Amino acid sequence: AMPEALSTAGTIAIYRRDTKTGEQLLRQALSLRPNYVPAMHVLADYLPGVGRPDEAIRMIDRAIALDPLSAVLYGKRAAILEDMGRFESAQASYLKAMEIDPDSPTGAAGLAILDAYVFSRLDSGLTGIRKAVELDPGNPLYLNLLAVMYQDIGLRNEGLETARQLDTQY
């Protein structure tokens, strides 16, 4: 079997919640093609959810070594580190993702959440989430975060107006 087919089948199995089969197929793809970044990415996405975040970081770091200009991989790395409570490292990975792709709404939103709720810089967080909404205006997650940040910073009317936008759009 080809690594691409195994990786695709593994990804589908994981999304269908057949995680044991999915992981086996992804690892089989990597045994045939050890540098196959898409399989690494899916495994790195899956592993934290089954209590293996350190393995996920090793996997995503391997993928980044092979594709060092991938803002998506740096964003995934940042999200895993954030979930592990390694906030400074997560911030550095989000910043690297933004350096690679300044128009990444995921990177802007990730930095905004860290700024606002980990580093207690609500003003900076608000600027970041506004940028994420500007880059991806139809994303309900970013609009919701914007509404919450407005409320948290004391801009109640702006928060309510943003929440109304969510109600009318979704």
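This is a predicted model: local features need pLDDT of at least 70, side-chain atom pairs count only at pLDDT 80 or more; totals for chains, interfaces and linings use all residues.
Two residues are in contact when heavy atoms lie within 4.5 Å.

**Overall architecture**

The protein has ten helices and zero strands. Along the sequence the pattern reads α-α-α-α-α-α-α-α-α-α. The C-alpha trace spans about 55 × 35 × 25 Å along its principal axes. Of the 170 residues in the protein, 43% are buried.

**Helix 1**

Helix 1 runs over residues 3-15 and has 13 residues. From its first C-alpha to its last, helix 1 reaches 18 Å, close to the 18 Å expected at 1.5 Å a residue. Its buried residues are Pro3, Leu6, Ser7, Gly10, Thr11, Ala13 and Ile14. These residues lie on the same side of helix 1, because they cover an arc of only 160 degrees around the axis. What covers the buried residues of helix 1 includes helix 2 (19-32) and helix 3 (37-46).

Just after helix 1 comes Arg17, in the loop between helix 1 and helix 2. The phi of Arg17 is positive, about 75 degrees, although the residue is not a glycine. Arg17 counts as exposed because its relative accessibility is 71%, and the cut-off for exposed is over 50%.

**Helix 9 and its ends**

Helix 9 covers residues 140-153. With 14 residues, helix 9 reaches 20 Å from its first C-alpha to its last, close to the 20 Å expected at 1.5 Å a residue. At the start of helix 9, a side-chain oxygen of Asn139 comes to within 2.9 Å of the backbone nitrogen of Leu141.

The buried residues of helix 9 are Tyr142, Leu143, Leu145, Leu146, Ala147, Met149 and Tyr150. Helix 7 (105-118), helix 8 (122-135) and helix 10 (156-169) are among the elements that cover them. One of these buried residues, Ala147, is 14 residues from Glu161 in sequence, and the two C-alpha atoms are 7.9 Å apart in space. Glu161 belongs to helix 10. Glu161 counts as partly exposed because its relative accessibility is 42%, and partly exposed lies between the 20% limit for buried and the 50% limit for exposed.

Helix 9 is followed by Gly154, which has a positive phi near 100 degrees. Gly154 is in the loop between helix 9 and helix 10. With a relative accessibility of 56%, Gly154 counts as exposed. Gly154 and Tyr15 are 139 residues apart in sequence, and their C-alpha atoms are 40 Å apart in space.

Asp115 is in helix 7. Asp115 counts as buried because its relative accessibility is 9%, and buried means under 20%. Leaving aside neighbours within four places in sequence, Asp115 is in contact with Gln91, Ser120, Arg121, Leu122, Ser124 and Gly125.

One of these contacts, Ser120, is found in the loop between helix 7 and helix 8. Its phi is near 55 degrees, a positive value in a residue other than glycine.

| Residue | Relative accessibility | Class |
|---|---|---|
| Arg17 | 71% | exposed |
| Gly154 | 56% | exposed |
| Glu161 | 42% | partly exposed |

**The largest pocket**

The largest pocket has a volume of about 180 Å³. Its lining consists of Gly75, Ala79, Glu82, Tyr94, Thr106, Ala109, Gly110, Ile113, Leu141, Tyr142 and Leu145. Helix 5 (71-83), helix 7 and helix 9 each supply at least two residues of this lining. Helix 7 gives the most, with four residues.

Tyr142 and Leu145 are in the lining and are among the buried residues of helix 9. Leu141, another lining residue, carries the backbone nitrogen approached by the side-chain oxygen of Asn139.

Technical notes
Residues are numbered from 1 along each chain as its sequence is written. Side-chain values use heavy atoms; hydrogens and water are left out. The expected span of a helix is 1.5 Å times one less than its number of residues. Buried means under 20% relative accessible area, exposed over 50%, partly exposed in between (1.4 Å probe, protein chains only). A polar contact is a pair of N or O atoms within 3.5 Å; within protein, one must be able to donate a hydrogen and the other to accept it, and residues adjacent in sequence count only if both atoms are side-chain atoms. The arc is that of the directions from the helix axis to the C-beta atoms. On a 1 Å grid over the protein atoms alone, a cavity is a set of points where a 1.4 Å probe fits but cannot get out, and a pocket is an open set with protein on both sides within 12 Å along at least five of seven lines; lining residues have an atom within 4 Å of a point. Grid points are joined across faces, edges and corners, and a volume is the space filled by probe spheres set on the points.
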